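Trainee: Please take me through the side-chain contacts and the packing of a protein model. I would like the general idea each time, then the case at hand.

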Amino acid sequence: MTTFHVTQEGPVNALALNKDFSQVAICGRNVFKVYTIEEDKFREVCNVRASKHLNVGFSCNDVSWSPTDDHYLATAATNGHVSVWNLTKMGKAMQEQDYQDHKRTVNKVNFHASEPNKLISGSQDGTMRYFDIRVKSAVAVFYSNTESVRDVQFSPHSPYAFSAVSDNGSVQLWDIRKPEKYQQQYTAHSGPVFACDWHPEVTWLATASRDRTIKVWDLTNKPTLEYTIHTIASIGHVKWRPQRKYHIASCALVIDCSINVWDVRRPYIPFAAFNEHRDIASGVQWRGDPDIFLSSGRDSTLYHHSFNNASRPAAKANPQGLAVNNNGEIIFARKIPPFQTSASSTSSMTTPTSLAKATVGLMRKISMTQAIDQFHHASSMLQHFSHVNEMANYESESILALSKNYVLSGRSISEMCEHNSVVAREFGKPHLSVVWKIIKTMYGEEFLQNSIHAGSSNREEVAHNNINMSNISSAVIQIESTINSHRETETDQNSKASDTQAAQFSGGDDETENEDQVDNVGTYTGFPTYLNVRSGLPKGDFSFGENELDMELDSLNADFHNVYRSYNHADGSDWILPNEAFPIRHEIQDRSPPPEQFPNHHHSPDLHEDTQPIYQVEETSSTLISVSKIPKKSSWDPSSLVVETLKHHAILGDIQTAACVLIVLGDCRKFLKELDEATEEHWLLGYIEMLTSYKLWNNATQIIKLAWLPSVYQLNQQSTRINTNCGKCLKPLQRVGWLCDRCHSSKYALCSICNQVVKGLYVWCQGCSHGGHIAHMKQWVSTKKMCPTGCGHLCEYG
């Protein structure tokens, strides 16, 4: 058989097949036709809407064909009418019955499987009506006590049973002989249930809901959930595949235009998919053959499908995978080539665990019985690897210890960095200890104090202020006076005697002044910088030898170079002083006053913003040296280095350090301009996920609370409410945690030990659902294992 279709005048809402599957009826708002199914096409045999006597009953929401009589069709209308049509008649007489019992839209209509004259309908008015087409009105009314009934289906296993599904997520099982009350009711889904279908062979009922699941219930005794299929969209229609116990077809209400056939044992990937429709499919009917079915859609088409043309999504699934747990253990699924037998694949692999051996055995069994109508099984083998050494355990223990002992808030940056440095060193992470020390040096209280000392309230502006050139001027004056004093001493000694003894010097008040000046040299606005510019005189008493004065002057000359080079390198430019800034043996004749303080370069007419400054040191007759151009502003920003360091740790897998440093920096994070918010969010979420995997819930919550990004700190405001259910009706306890709004009873919220209502924290066993006060339950399970209610369950408290 091939795939073919026919296009209609408008969207098709439903379709139905006759008892021998040779004809199909379709209906919609503007469509109501009957087709004969031929080898490769549909042939129209009747257009019911061609009648001159059209009314609102011709606008159909659902259609059903009598399984015992080919002459009768039933339709459900949006105006609440249920119509019965006799195809042997013509014109107005074709509509034999027009029931107006429902007050709102009729969603579903179905003929009884063995009673040719019996018909049932479900409506938005919350009722189900049971009709005998020989009678002018309904013979029985079933009240569901719900807002609306979406689907009703007669059971193929009992002539008196039918099921109904509603908008409140419940399923009701009824006996047509007892319309007073349903036999059973249970909550099947967390959203409206749109469709249901009985399995033709076993007492299974499939339900489909807005919660994007298809559930299979075993109704042999108490309703038991057997299988759950997870879909990508709300499901509006389901139909079991004949002669295939585990296969069911589904149509979505939104998003997905495909018709998927599922194997209920494989709940995440469809067994087969049919993608012919270009809009939402509205119905599926099997032609009594498991390989052929018909479908209708909102794209105004009617399709005839063959399984030969189906796509197999499972065949495109990746058969390889990798998973790692907190202990460093690895589970690896490796693809096995199709030509490789199970025995050879086992010998070529490293020694697998018992799980891998069992998987190989399963693969061998499947490959021997592989058929075209079987679910595609990935040929893969599972292997389990674990660390031989203790490195993984050591790393896990270190992460746990650091997470529990780090201080991330409540103190100054210096205090937190110092504390975390000690913690890292104590737990065997000396390199992390150094990182915290460096962060303290760069962003501790010294940074703030230097910013205030520079006279700027904005740190970003402070980092770009001009260099205080008076410090350089003081250094030059100091060097000049030292050289002059050396020369005078040398001259006096040479004139008095030939065997001059070494001069004696002692540090006094002048030395103290020089030291104070040196302490200020190199202090620039922004981050602390320390330039060790010596005064030219060592501390304490000393004497010059024959060549010691030359050595000292050489040292002063080198220091003078260092002063200018330090400012020059910070600015990024390159300039060269002469080998000697001043001639050592040159006799200074002019005792002119020291040079004036260098002017600020912002006010220099010779210096332009777009011109690189040129520094020249010249000898003059009036002063020791002169500088024709002043150094440009200079700053060293460690933010790029910090960002690179954090990224380095993140690449190595140490997401903990990257996240913790960011949190500790606090307001100083604004200086890390090279770090974008996406990276910060990635690190924080990664650290939170790590803490969660180690079950450090409190630490993860602390990170969320300290986060500065909305996408992170709003995590605690999402999906944090969990409702417990009433033990009697299973309704969620939404208003208060101990009183059911439906039962109006607190019986099932009593403590199992003291029989008092638990209005505070409540703990319960997930196995038997019994619980009570935390203290009472903890005391009970410390000495006993059985449930205190006597239900016989072995409860655990963790």
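Trainee: How many salt bridges are there, and by which rule?

Mentor: A salt bridge is a side-chain nitrogen of Lys or Arg within 4 Å of a carboxyl oxygen of Asp or Glu. By this rule the count is 13 salt bridges. The model is predicted, so local features need pLDDT of at least 70 and side-chain atom pairs count only at pLDDT 80 or more, while totals for chains, interfaces and linings use all residues. Residues are numbered from 1 along each chain as its sequence is written, and side-chain values use heavy atoms, with hydrogens and water left out.

Trainee: Asp-132 and Arg-134 meet in a salt bridge. Is each of these residues buried or exposed?

Mentor: Buried means under 20% relative accessible area, exposed over 50%, and partly exposed in between (1.4 Å probe, protein chains only). Asp-132 is buried, at 9% relative accessibility, whereas Arg-134 is exposed at 59%. Their N to O distance is 2.8 Å.

Trainee: Where in the chain do the partners Arg-150 and Asp-167 lie?

Mentor: Helices (H or I, at least four residues) and strands (E, at least two) are DSSP runs, numbered from the N terminus. The side chains of Arg-150 and Asp-167 form a salt bridge with 2.7 Å from N to O. This pair links distant parts of the chain, 17 residues apart: Arg-150 is in strand S14 (residues 149-154), and Asp-167 is in the loop between strand S15 (161-166) and strand S16 (170-175). Arg-150 is partly exposed at 25% relative accessibility; Asp-167 is buried at 17%.

Trainee: Which parts does the salt bridge between Asp-291 and Arg-241 tie together?

Mentor: The closest N and O atoms of Asp-291 and Arg-241 are 3.0 Å apart. Asp-291 lies in the loop between strand S26 (281-286) and strand S27 (292-297), and Arg-241 in the loop between strand S22 (235-240) and strand S23 (247-252), so the pair ties together parts 50 residues apart in sequence. Asp-291 is partly exposed, with 32% relative accessibility, and Arg-241 is buried, with 1%.

Trainee: Which residues are linked in a network of salt bridges?

Mentor: Glu-9, Lys-33 and Glu-44 are linked in such a network.

Trainee: What is the order of strands in the open sheet of four strands?

Mentor: Two strands pair if DSSP finds at least two bridges between them. The order here is S10-S11-S12-S13, with antiparallel pairing. Strand S10 (106-111) and strand S13 (140-143) are the edge strands, each pairing on one side only. S10 and strand S11 (residues 118-123) run antiparallel and are joined by five bridges. Phe-111 stands opposite Leu-119 in S11.

Trainee: Which residues have the most contacts inside the largest nonpolar core?

Mentor: A nonpolar core is a set of buried Ala, Val, Leu, Ile, Met, Phe, Trp, Tyr and Cys residues joined through side-chain atoms within 4.5 Å. The largest one has 46 residues, and those with the most contacts inside it are Tyr-406, Ile-439, Tyr-443, Leu-672, Leu-684, Tyr-687 and Ile-703. Among the helices that each supply at least two residues of this core are helix H3 (391-405), helix H12 (655-665) and helix H13 (677-693).

Trainee: Which helix gives the most to this core?

Mentor: H12 gives the most, with nine residues.
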